[in-house]
Amino acid sequence: MIRRTIAALAALLLVAPVTLSAQSYPPQPDPGATRAFRLPQTQSFTLPNGLEVTLVPYGVAPKTVISLQIDAGNLNEGNQVALADLAGEMLREGAAGRSSEQIAVAAAGMGDQLAINVGQDATTLQLNILSEHVADAVQLIADVATRPDLPAGEFDRVRQNLARSIAVARSQPQPVAEAVLARAYYGDHPYGRVLPAEEQLAAYTIDDVRRFHRDNFGARRARLYVAGRFDAAAVRGAIEQAFSGWAAGAEPLRLPPAPRTGPQVLLVDRPGAPQSTLRIAFPAPAPGTEGDVDMQVMNALLAGAFTSRITQNIREDKGYTYSPGASVSRHPGEARWTFQADVTTADTGAALREVFAEIRRLQTEAPPVEEARGMGTWLAGGFILANASPAGLIQSLASRDLYGLPANWLDTYVPAVLAVDAARISAAATRRLPLDRMTIVVVGDLGAVRPQLEALPELRDAGMRVADPI
């Protein structure tokens, strides 16, 4: 939508040029000081079976978000890659005597569709509904999570749909790059196993799904969040009625990875590809540990924001790529910084040279005070905006609880970000992004790309090799 709007505006300007003077725009108001975020009053309790519940009265619209977070994701699969994803899809196929169609109709009647998302660490079931339907929504989520039918008659269709999705992923350079990076970085850990082999997925049975649900879906691994407008007493009664019979199950699984730091350069050949897909990874501070916030501000300034240095360099100035970026992916007790970009094949080496130069510049020169302050303000404002809706607030609370962060983490985040100065940003780049310890994945036309990579001083002794098939 934004691209079409810009294109239409550009076309209009070509037809009817307009000269703009300084008087065309009113003076911009001073944005003032950034306000700290304050978590609304919450009510928390735990059912006898171990289910943790957080209620957050929030907002003025008669809407409520209900989200059940279960510590049962890809981490819990063992060697059965994507079994959690298959189980998540099967949850939609009926529960407590209601068919998949009846579940969809019930959710639509409340104002939403039931969202089921499977991640590496957790599975989430969520509804965003009119407040008058809160009790029914609680019961629906409880039925799907705790009493799914998991019908054998639907299993082959669901598995085939997942197989098609995985086949599409294997045909695209970005998912392939992610899978190669995960395997190189995490090794033989569930985080390192992303795409199952075709024959492995074909061997799964409905009994595998039922076992996964039985072993991993339990009250002691779950947290229920309710945010919006609701009657707290009535909601608590509905939760107790719907979830009190759920078996406690096992304690949450904790399986810390042992990341393989570089140098390592993994290559995947795509003959004739017009672009190279790049990934660069380094370990990052675990959530809530020393250096975590500094890393986030440094990331925004270097590559994580649209106005970041690397974006300005290889997108705006050089035109090597359209949408570079970087992020910190987080798990309980572990995190990883990753840069990603799709660059033109002929400019692969030049793009990497600029990325390395920007990292080195930030390590050797503290950024200007205004630039550093601006990135902190941008992060703080984004955090406040993200938590301005019940769904966004639930996501932050769920992250806080999954990572074991302090209860006041949401209240302290904004001042912590704003306190990160230029010197700390530069120090974070120096400590966290050592160019002789990076892991790099390049997916592209190796005939054209490999000579460019071999000419880069940073990669000459990095153990460059073609990756094993995914």
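**Close-up 1. Helix α3 passes helix α4 in a left-handed crossing (the near helix turned anticlockwise from the far one by less than a right angle).** The model is predicted, and local features need pLDDT of at least 70, side-chain atom pairs pLDDT 80 or more, whereas totals for chains, interfaces and linings use all residues. Residues are numbered from 1 along each chain as its sequence is written, and side-chain values use heavy atoms, without hydrogens and water. Helices are DSSP runs of H or I with at least four residues, numbered from the N terminus. α3 covers residues 100-110 and α4 residues 134-146; their axes lie 10 Å apart at an angle of about 155° (lines fitted to C-alpha atoms over the stretch in contact, with angles from 0 to 180 degrees between N-to-C directions). The two helices are therefore roughly antiparallel (over 145 degrees).

**Close-up 2. Residues at the contact of α3 with α4.** I103, A107 and M110 of α3 meet D136, A137, L140 and V144 of α4 (contact: heavy atoms within 4.5 Å). By class, six of these residues are nonpolar, none is polar and one is charged (Ala, Val, Leu, Ile, Met, Phe, Trp, Tyr, Cys and Pro are nonpolar, Asp, Glu, Lys and Arg charged, the others polar).

**Close-up 3. Helix α10, residues 292-304.** Twelve of the 13 residues are buried (under 20% relative accessible area, 1.4 Å probe, protein chains only), among them D292, M295 and L302.

**Close-up 4. Helix α12, residues 348-364.** Its 17 residues reach 25 Å from first to last C-alpha, close to the expected 24 Å. Buried residues of α12 include L352, F356, E358 and I359.

How values were computed:
Expected span 1.5 Å × (residues − 1). Buried < 20%, exposed > 50% of the residue type's maximum accessible area, 1.4 Å probe, protein only. Parallel < 35°, antiparallel > 145°, perpendicular 65-115°, else oblique.
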